[in-house]
Amino acid sequence: MIGFIYRLAKWLAIAGGIVLTAITLMIVVSVSGRALIDVGLGPVPGDFELVEIGTGIAVFFFLPWCYLKGGHATVDLLYMHMPAWAQRAVVAISDVLMLLVWLVLTWKLWEGMLEKREYLETTFILAMPMWWAYAVCLVGAVVGCLCYFAKTLTQLGLAKEPAGWTVDGNAGH
């Protein structure tokens, strides 16, 4: 199960990269269209709305993988001088606290999605229902919760990371 969660986070991060690439290409097309307005072209309608939504989706899709790979920011001023048992305790406590933060974040995102859907809120130019973006971001938030839960289990010795797993960051994980 832990291996499935790690693979899910990896594929979600790849999907986030595809979203970010699509946003970048759309921006190039939109800016080129603005530059060539004299020849009948124009910007992509709702380009800023698509950038806002796509960036939110990409961030939610990247965060679980970033966490699992140890890519988050750490403050090592005191941590690196602690004994190994204290370092493990700090990591375990911070992981449990971040799991709680992610659970609250996911819950509030769920409530926001339901509210946007109930009031039929749409984007200004494209008239796209806002709850769609919330729903897609919710996928990343749920995977983030799963990743924090899985990593917490491994930190507490109740589960093992997938074979060959490496951490890129310097987070003490």
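Colleague: How are α1 and α4 oriented to each other?

Modeller: They are oblique to each other. In this predicted model, α1 and α4 pack at an angle of about 140°, with their axes 10 Å apart.

Colleague: What about α1 and α2, at what angle do their axes cross?

Modeller: The axes cross at roughly 155° and come within 8 Å, where α1 covers residues 2-35. That angle makes α1 roughly antiparallel to α2. The crossing of α1 and α2 is left-handed.

Colleague: Which classes of residue make up the contact of α1 with α2?

Modeller: The contact has 19 nonpolar residues, together with five polar and three charged ones.

Colleague: How far is Phe61 from Ala15 in space?

Modeller: The C-alpha atoms of Phe61 and Ala15 are 7.2 Å apart, while 46 residues separate the two in sequence.

Colleague: Turning to aromatics, how many aromatic pairs are there?

Modeller: The count comes to five aromatic pairs. One of them is formed by Phe60 and Trp102, with 6.4 Å centre to centre and 90° between the planes, an edge-to-face arrangement.

Colleague: Why edge-to-face?

Modeller: The label follows because planes over 60 degrees apart count as edge-to-face, and the planes of Phe60 and Trp102 are at 90°.

Colleague: Where in the chain do those two residues lie?

Modeller: Phe60 is in helix α2, residues 47-68, and Trp102 is in helix α3, residues 84-118. The pair links distant parts of the chain, its members being 42 residues apart.

Colleague: Are Phe60 and Trp102 buried or exposed?

Modeller: Phe60 counts as buried at 17% relative accessibility. Trp102 is also buried, with a relative accessible area of 6%.

Colleague: Which residues do ring pairs link into a cluster?

Modeller: The cluster consists of Phe60, Tyr67, Trp102 and Tyr148, linked by ring pairs.

Colleague: Now the lysines. Over which ring does the charged end of Lys69 sit?

Modeller: The charged end of Lys69 is over the ring of Trp165, at 4.4 Å from the ring centre. Another such arrangement involves Lys108, whose charged end lies over the ring of Trp107 at 4.7 Å from its centre.

Colleague: Changing topic to the backbone, what is phi of Leu120?

Modeller: Phi of Leu120 is near 55°, which is a positive value in a residue other than glycine. Most residues other than glycine have a negative phi.

Colleague: Where is Leu120 found?

Modeller: Leu120 is in the loop between α3 and α4, the latter being residues 130-155. Leu120 counts as exposed, at 66% relative accessibility.

Colleague: And what is phi of Ala127?

Modeller: Ala127 has phi near 55°, again a positive value in a residue other than glycine. Ala127 is located in the loop between α3 and α4. With a relative accessible area of 48%, Ala127 is partly exposed.

Colleague: In which helix is Trp131?

Modeller: Trp131 is in helix α4 and counts as partly exposed at 27% relative accessibility. The C-alpha atoms of Trp131 and Gly112 are separated by 8.0 Å, and the two residues are 19 apart along the chain.

Colleague: Last one: where does Met82 lie?

Modeller: Met82 lies in the loop between α2 and α3 and is partly exposed at 31% relative accessibility. The C-alpha atoms of Met82 and Thr21 are separated by 42 Å, the residues being 61 apart along the chain.

Conventions: Residues are numbered from 1 along each chain as its sequence is written. This is a predicted model: local features need pLDDT of at least 70, side-chain atom pairs count only at pLDDT 80 or more; totals for chains, interfaces and linings use all residues. Side-chain values use heavy atoms; hydrogens and water are left out. Rings of Phe, Tyr and Trp (its six-membered ring) pair if their centres lie within 6.5 Å; planes under 30 degrees apart count as stacked, over 60 as edge-to-face and the rest as tilted. Helices (H or I, at least four residues) and strands (E, at least two) are DSSP runs, numbered from the N terminus. Buried means under 20% relative accessible area, exposed over 50%, partly exposed in between (1.4 Å probe, protein chains only). A charge sits over a ring if NZ of Lys or CZ of Arg is within 6 Å of the ring centre and within 35 degrees of the ring normal. Axes are lines fitted to C-alpha atoms, for helices over the stretch in contact, and angles run from 0 to 180 degrees between N-to-C directions. Angles under 35 degrees count as roughly parallel, over 145 as roughly antiparallel, 65 to 115 as roughly perpendicular and the rest as oblique. A crossing is left-handed if the near helix is turned anticlockwise from the far one by less than a right angle, and right-handed if clockwise. Ala, Val, Leu, Ile, Met, Phe, Trp, Tyr, Cys and Pro count as nonpolar, Asp, Glu, Lys and Arg as charged, and the others, Gly among them, as polar.
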